[in-house]
Amino acid sequence: MAPSLNGGGCAPIVARAQALFDDLSFASARDWKAKGLDRKVVGYMPIYVPREIIHAAGFLPLGILGGGDQLEVIHGDAYYQSYICRIPRSTIELGVSGRLDFVDGMLFPSICDVIRNLSGMWKTMFPNVYVRYFDVPQNYRDDIGGNYYINELTELRHDLEQLRGKPITDDELRRSIVVYNENRRLVRELYALRAHSPWLAPAPEAYVVLRAGLVLPVEEHSLMLREYLATAPKEERPRRDNCRIVLTGVFCEQPPLNLIRSLELAGCYIVDDDLLLVTRWLTADVPTEGDPLQNLALAFLHHSESTAAKYEPNLKEKGQHLVRAVRRSNADGVIFACPSFCDPALLERPMLQHVLKNAEIPYIAFKYAENSGQMQPIREQAGTFSDSIKLWSGR
Amino acid sequence: MTIITNSKPAPAKEAEKDASMLKQKEMMAAHYDRLTSAPETGDKVASTFVPGNLNELIMCFDLVNNLPEVNAIQNGLRRQSGAYVLEAEKIGHSEDVCTYVKSDIGMMAKGNLAPNGRKFPNPDVLLLSYTGCFTFMKWFELLREQYQCETIMLHTPYMGDGKITKNMLEYMVKQLKEEVIPKLERISGVKFDIDRLREYLTKSAAAEDDLVRVLQSAKRKPSPIDAYFGGIYYIGPIFGAFRGTDDAIDYYKFLRAEVEERLAGGKGPVTPDGDMGKEKYRLVVEGPPNYTNFRQFWKMFYDEGAVVVASSYTKVGGVYDLGFRHDPAKPLETLAEYCLGVYTNRSLPMRIDMLASYVNEYDADGLLINSIKSCNSFSAGQLLIMREVEKRTGKPAAFIESDLVDPRYFSAANIKNRLESYFQMIEQKRAGARVAA
Amino acid sequence: MKTFVGIDLGSTTTKAVLLDENCGVIGRGITNSRSNYSTAARVASEEAGVDGRFTLFRRALGEAGGLDVKLDDFLGTLERAFRLEQFLEQLDDLERTCLGLVKGERFAGFESGTKEALGEIFRRLRDEAPELYAPGAKRKSDFFRDIAGSRYHGHAEEVARTAGLPYELLLNVYDKSIIDVENRPPSGALSDKFRRALGRVLDAEPALKSSVSGVLPAVERTLAVDLDETYLVGTGYGRVTLPFSKEHIRSEILCHGLGAHMMYPKTRTVLDIGGQDTKGIQVDPNGIVENFQMNDRCAAGCGRYLGYIADEMNMGLHELGPLAMKSDRPARINSTCTVFAGAELRDRLSLGEKREDILAGLHRAIILRAISIISRSGGVTNEFTFTGGVAKNEAAVRELKKLIKENYGEVTININPESIYTGALGAAEFARRAHIGQTDGREA
């Protein structure tokens with residue numbers, strides 16, 4: 001556990017988070033595992049897996065988001081044609097280069113066909129690793145989708161019990177739920193802080209602090225969040241004359257840190273987004289009494305975020321989560337940032353744009369890749385957007 | 001030097017078709033007539049997808065089955081899809097996404113005309129069979145927005161572990177019982193009669209038997225059918241609005257007899273330029289074909305004496321050659337099993353298994369992958385599939401790239417270059433083997 | 001003697017290679033590709049034939065001995081004289097064709113003036129021609145169209161001014177003639193041209209006459225050797241119809257693989273970065289392709305990419321490599337897309353990054369794209385052969401060596417400055433193998 005860093009303001013916290021972000025060898029996760037023979041690491045890809053179950057087994061859930069812009073992909077390109085996004089190829093690069101050799105299991109959530117097929121590829125390429133395609137229901141009735149999902153969760157629990165060599169008790173699960181409830185609350189607090197006073201939690205900082213939650217044990221991450229929330233608002237920060245935007249489309253392949261930085265520099269505060277949704281996928285506390293798997297299932301069905309990979313059964317509701325995000329965070333507009341070739345983000349975009357148009361919320365859109373180096377066009381677009389909002393909204 | 005020539009290619013003739021292809025064309029035409037007449041006849045229309053096409057169930061409610069994928073294919077074959085795709089991109093759809101969707105959206109924006117020149121009716125219900133492809137979800141959300149009509153979600157879980165589990169079946173049967181059927185009842189005004197469903201399922205199984213015989217005839221040498229290009233015609237009725245009907249039974253009986261006649265005569269497949277000559281190369285093909293340049297693409301094969309003996313695409317609307325038949329004894333379960341088993345819902349290891357066994361069982365020279373730019377469901381992972389199948393069969397594989405219905409991504413020179421290289425590679429290997437022998 | 005011809009119809013140049021029965025390369029020829037494919041093929045193969053003759057001369061004269069002057073110098077002089085004869089012949093053709101087109105409304109009132117002007121231009125061209133083929137002369141290109149064109153335009157401008165003639169008229173007849181002249185198959189027997197060239201050489205240096213008199217019989221004997229084109233195989237890509245019948249065509253991927261094998265028999269992996277496509281090829285010990293992948297759709301990772309960069313930086317293509325070599329800290333360029341490479345370049349320049357570092361990074365980017373294709377085709381197996389125009393770029397080669405070492409370990413990397421003939425070489429070998437197969441009664 002890191003020592004309290006209150007003395008040096010939030011800079012040391014951010015520095016630590018940045019170091020974790022930069023480290024493609026996952027040293028901190030390796031170190032964690034080395035400290036105990038019963039410790040195992042289960043990797044997962046976006047958008048959401050119930051990390052509580054992994055945690056309850058005494059394992060470390062490790063969020064894998066590809067290799068980012070610091071990883072050159074050499075071998076990974078042998079697996080994908082050029083018209084497929086970059087995250088699977090950099091993830092394979094991580095795999096074949098040995099950077100994930102300490103990972104005991106990989107979960108591939110049902111977010112799109114590329115990640116779906118990657119689960120089968122991973123099984124073929126790494127037969128000694130536990131691999132599971134993690135499906136979630138697209139039917140939200142408790143007795144239909146709910147039952148299906150509880151059974152899925154039960155299968156996952158059973159598999160992890162095999163990996164662990166002993167059962168995972170309901171009490172262990174409940175304790176994990178408590179811990180993750182707390183972490184989600186802190187994440188919501190961070191988002192609330194940023195929405196309220198974005199200059200106090202600059203987007204690149206908030207991002208790396210949030211992302212640390214994908215590699216650190218959840219308890220450590222909660223501590224980090226608490227410390228950041230305590231120290232960040234006390235820093236002297238310049239207040240920019242920025243407009244406020246909601247960033248959407250960035251739920252899987254991540255934009256380079258430079259892109260997030262560039263948006264703010266260009267005049268747009270990011271007051272809400274769909275980055276790293278796993279950290280706050282469940283929008284309310286999960287009950288800590290009763291059947292834990294059932295609670296997790298019901299939470300998924302009734303208290304979870306909306307995203308492209310999730311079917312919206314109600315036409316009137318379609319896209320409203322975005323409108324609500326805009327209103328809730330007092331945003332002026334929306335920026336659609338979609339990874340090239342990303343089916344969920346790109347197919348969803350026209351529908352969301354119609355909804356925004358009807359709600360008279362302005363937006364712009366562009367595409368990126370996790371290793372985009374060209375920030376100039378994005379700065380220009382975002383800058384122009386910001387100017388036009390300030391000009392025309394009478395702010 | 002006498003061998004340098006300045007020959008001109010021969011002019012294209014009217015495409016030859018055998019009787020079953022013509023019959024299939026008639027059936028499709030009749031269906032489009034029925035569909036476009038719905039406003040007059042009062043028929044209600046359900047739209048759904050080919051993978052997970054519950055045609056037997058749809059028929060129980062007297063609904064007419066509309067398949068937007070098939071419409072996009074028709075647009076492609078008629079060379080209209082290019083303009084439709086551009087139109088959709090103009091409206092704001094990304095260049096990177098599925099061209100079936102864009103062709104559909106573009107077609108709707110440009111008059112929504114069916115192949116018979118008449119307007120498509122607005123669907124009364126969108127049966128969103130979420131089977132084997134993520135894009136389906138978004139496609140029908142887009143159509144729902146456009147038509148403001150009711151949409152029914154049927155979620156087919158992915159066979160991530162290579163098998164059907166009890167949980168998956170229960171989930172699907174429950175959805176059918178408690179969501180799909182009640183909603184279809186309400187929308188159609190027709191009460192569900194499970195015996196009627198059983199009757200259709202029995203008919204489906206009969207047609208499936210004959211279809212499988214036809215597909216497996218390609219194990220013989222020479223193969224009497226082309227299981228990819230020719231196959232597109234053969235799967236029409238079983239994948240579309242005819243499975244479960246007497247028409248389909250008749251069609252597949254007819255087709256089977258036709259194929260058996262070819263077998264008896266030692267004939268190869270019929271091609272647009274007449275019977276194919278000597279069979280020189282036997283291929284297994286993975287991936288959908290290109291539709292905008294279908295004939296030109298096919299010609300690159302039969303001109304070289306290459307016949308496709310098995311393909312994965314002809315299993316996208318249902319896999320019948322591994323034993324599955326629609327089973328009237330367990331009507332809802334069998335619908336679920338059917339959906340779960342379609343090709344695009346199978347895990348990557350299952351696909352590798354299927355393709356490798358095709359190469360061996362159909363005695364093919366190798367695997368050819370046609371990688372479709374806009375289809376992630378098929379394309380993501382094909383390079384690994386290629387290498388694994390090569391490893392397992394010891395036979396060379398080839399890789400070409402095109403698209404479903406966007407003509408901008410079909411480059412004849414590129415494809416011909418790669419195909420010819422592949423055929424020559426096989427030929428050289430054979431020559432080498434002869435020398436060694 | 002039996003020879004086997006391979007012809008590679010590329011998009012910019014057409015190459016031909018002549019092999020003898022023992023797999024020895026006798027001759028190579030290259031010409032610019034043009035609208036008439038048959039002519040391009042004929043010209044290339046004639047050029048190879050010429051080159052072949054000189055190889056035979058070299059062999060014959062080397063054996064015969066008794067040459068006082070150095071053999072190489074003599075053959076060099078002879079070849080230049082031969083080229084000059086060819087050039088003059090085509091000039092005559094061009095003049096005749098141009099004169100023939102001076103008629104009709106456009107030239108009304110200017111007919112005799114134009115004809116005179118043309119006469120003057122061609123007199124000047126003929127006069128200065130020997131200079132173009134003098135020892136050590138640097139020509140912009142070896143192709144008639146390029147040489148004649150630039151000289152013609154230069155003279156035409158001057159002559160038009162002096163004669164008070166509209167320059168466009170002179171341009172007009174040239175433009176209309178050059179394609180026809182270029183596409184006319186070369187006329188006249190090669191042996192006659194050789195003899196005329198020999199005569200020219202001896203006239204210019206009478207002292208040589210005595211030195212070479214002893215070997216003239218050997219020359220005549222060599223000229224008399226019939227280079228029988230026993231079998232021909234053509235290849236090429238991007239053209240839907242090659243001017244050869246089906247049995248005489250092999251895919252350019254196979255030809256390329258076999259050609260690389262001919263140059264380096266131990267090669268297993270071949271990377272070809274051409275102007276417009278990139279190929280990754282795996283070959284077996286007999287030079288037959290086992291696996292291949294192509295990038296034939298996207299400019300990134302092809303030679304075109306460097307052309308684009310050269311334009312953006314206002315530099316010559318050949319200057320890119322040397323400048324990039326000066327860097328020891330290549331910039332990390334993330335855009336592998338050609339369209340954005342220029343933008344990224346300008347961005348970094350404006351941020352103060354050094355040109356050589358950016359260039360080195362861009363070279364790395366193109367090689368990364370090429371390595372992708374190689375990965376997909378099956379990786380890198382020793383030995384590795386690198387062909388294509390980009391193989392002449394030292395910075396690209398440096399990045400390639402680095403990447404291969406980092407990812408595949410110690411691998412022998414073969415680069416041949418004559419790699420532009422790889423396809424034609426492979427085609428010629430296919431021709432030879434086909435012939436042997438036929439004479440043995442087997443199908444080729």
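A salt bridge here is a side-chain nitrogen of Lys or Arg within 4 Å of a carboxyl oxygen of Asp or Glu. The model shown is predicted.

View 1. Two salt bridges are counted between chain A and chain C. By class, the side of chain A that touches chain C has nine polar, five charged and four nonpolar residues.

**View 2. Chain A meets chain C through 18 residues of chain A and 17 of chain C.** About 1,400 Å² is buried between these two chains. Carbon and sulfur atoms give 42% of that area. Seven residue pairs, both members at pLDDT 80 or more, are in polar contact between chain A and chain C.

**View 3. Chain B and chain A bury about 4,800 Å² between them.** Carbon and sulfur atoms account for 54% of this area. The contact involves 54 residues of chain B and 57 residues of chain A.

**View 4. Lys318(A) and Glu141(B) form a salt bridge between chain A and chain B.** Their closest N and O atoms are 2.7 Å apart. How many salt bridges are counted between chain B and chain A? The count is seven. Polar contacts link 33 residue pairs across the interface of chain B and chain A, with both residues at pLDDT 80 or more. Helix H8 (residues 166-188) of chain B gives the largest share of the side of chain B that touches chain A, with eight residues. That side of chain B divides into 20 nonpolar, 18 polar and 16 charged residues.

**View 5. Within chain A, helix H1 (residues 11-22) crosses helix H8 (residues 203-211) at roughly 65 degrees.** The two axes come within 8 Å. H1(A) passes H8(A) in a left-handed crossing. From H1(A), the contact uses Val14(A), Ala17(A), Gln18(A) and Phe21(A). H8(A) contributes Glu205(A), Tyr207(A), Val208(A), Val209(A) and Arg211(A). By class, the contact residues are six nonpolar, one polar and two charged.

Key
Residues numbered from 1 in each chain as written. Chains lettered and ligands numbered in written order. Predicted model: local features only at pLDDT ≥ 70, side-chain atom pairs only at ≥ 80, totals over all residues. Heavy atoms only, no water. Contact = heavy atoms within 4.5 Å. Buried area = accessible area lost by both parts, 1.4 Å probe. Polar contact = N/O pair within 3.5 Å; in protein donor to acceptor, adjacent residues only side chain to side chain. Helix = DSSP H or I, 4+ residues; strand = E, 2+ residues; numbered from the N terminus. Nonpolar A, V, L, I, M, F, W, Y, C, P; charged D, E, K, R; others polar. Axes fitted to C-alpha atoms, helices over the stretch in contact; angles between N-to-C directions. Left-handed = near helix turned anticlockwise from the far one by under 90°.
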